[in-house]
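Welcome, and please open your viewer. We will go from stop to stop, selecting one thing at a time.

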Amino acid sequence: MNAASPAQHAPATLQVRDLRTHFHTRAGVLPAVDGVSFTLERGKILGLVGESGSGKSVTGFSIMGLVDPPGRIVGGEVLFQGRDLAKLPARELRKLQGNRIAMIFQDPMMTLNPVLRVDVQMIETVLAHSKMSRSQARELARDTLGMMGIPSPEERLRAYPHQLSGGMRQRVAIAIAMLHRPDLIIADEPTTALDVTIQAQILSEVQKLAQRHGTSLIWITHDLSVVAGLADEVAVMYAGRIVEHGSVDDVLDRPQHPYTAGLIGSLPSNNRRGQRLRQIPGMTPNLLALPPGCAFAARCPRATAVCGQTPGITEPLPGHRVRCFHPALNLAEAAA
Ligand SMILES: Nc1ncnc2c1ncn2[C@@H]1O[C@H](COP(=O)(O)OP(=O)(O)O)[C@@H](O)[C@H]1O
Ligand code: SF4
Ligand SMILES: [Mg+2]
């Protein structure tokens, strides 16, 4: 660290500003991500939550520059350590993405090469990023598999991906992402299919990585209990937009947006046994035919006439942002 850039003035790991990614389909323009903004500081973990189809994966792919036609980033900026990714020469961008940024996909075979043994893939990854001997690289690979709760890592190293179970493959893919010790990891629901104990172990290793190496993480999940145990901050997405963003405690204990309150209310732990689960009434809107105004209005218990206009982002309490005309500012309101 040189004297001209003390840590407190270093740019955030990631700044996303008014990101818009649209799919130009035969049926019309689908605004999958429509004005997403957030900042992620070094070593922080952001949980990105929301129902299926809310734009979480497309947000991750957009940051990684992995959006394919008919999708296109039509607006906004993605700054990684202060540098605008869209303005970097292709070679530099690829280098950054290979080195400093990693994505863990929902499907581990997006990371794994089916025709190479696990040890070959892991050792190549290590050697591409650091000056180690092959045997040191192999040792690091084995230790990282062990950290992911993989039994007999020595044996797994000699396996081909198809010889492993789905859950095992996913853990290998997570291990590969962690091998780089990258500055940013975007993880798209990687632990959803894993059993609870293994999931807890992986989340704890991920937290250690963030603390020890300053790695920042975006952890995409529809599971609020994962976010509660893992993340520092939560951003809640609805219909292509972030509708609420703040610290885990603020958002989960004092939700301001009625959609967030609905998600929390529908958690099994918040429902009495034997009773029907409380669900948010209605359906997620069709993004090809969004009504004007607030996208949540048709399902919202607090909607009034003003909600026919589009709510902007406000920050009614410090560090806790919400996109709603009627944010709940105390617990009784949040429960309504
Ligand atoms: N290749 C594609 N073509 C058209 N629409 C897409 C494509 N990929 C995603 N979408 C749409 O973008 C929206 C957001 O999708 P996604 O980010 O995958 O949601 P999430 O990850 O929150 O479940 C959805 O309405 C989805 O149908
Ligand atoms: S803006 Fe209105 S309709 Fe939208 S979430 Fe807030 S209260 Fe509900
Ligand atoms: Mg997704």
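In which hand does H3 pass H4, right or left? Keep that in mind while we set up.

This is a predicted model, where local features need pLDDT of at least 70 and side-chain atom pairs count only at pLDDT 80 or more, while totals for chains, interfaces and linings use all residues. Residues are numbered from 1 along each chain as its sequence is written, chains are lettered from A and ligands numbered from 1 in the order in which they are written, and side-chain values use heavy atoms, leaving out hydrogens and water.

**Stop one: two helices.** Select residues 118–129, helix H3, and residues 134–147, helix H4. Helices here are DSSP runs of H or I with at least four residues, and strands are runs of E with at least two, numbered from the N terminus. The two axes come within 9 Å and cross at roughly 115 degrees; axes are lines fitted to C-alpha atoms over the stretch in contact, with angles from 0 to 180 degrees between N-to-C directions. H3 is therefore roughly perpendicular to H4 (the label covers 65 to 115 degrees). As for the hand, H3 passes H4 in a right-handed crossing, meaning that the near helix is turned clockwise from the far one by less than a right angle.

**Stop two: ligand 1.** Now select Gly53, Lys56 and Ser57, which are among the residues that come nearest to ligand 1 (near is a heavy atom within 4 Å). A polar side-chain atom of Lys56 is 2.8 Å from a ligand oxygen. Finally, colour helix H1 (56–64), which gives the most to the shell, with 3 residues.

Technical notes. A polar contact is a pair of N or O atoms within 3.5 Å; within protein, one must be able to donate a hydrogen and the other to accept it, and residues adjacent in sequence count only if both atoms are side-chain atoms. Angles under 35 degrees count as roughly parallel, over 145 as roughly antiparallel, 65 to 115 as roughly perpendicular and the rest as oblique.
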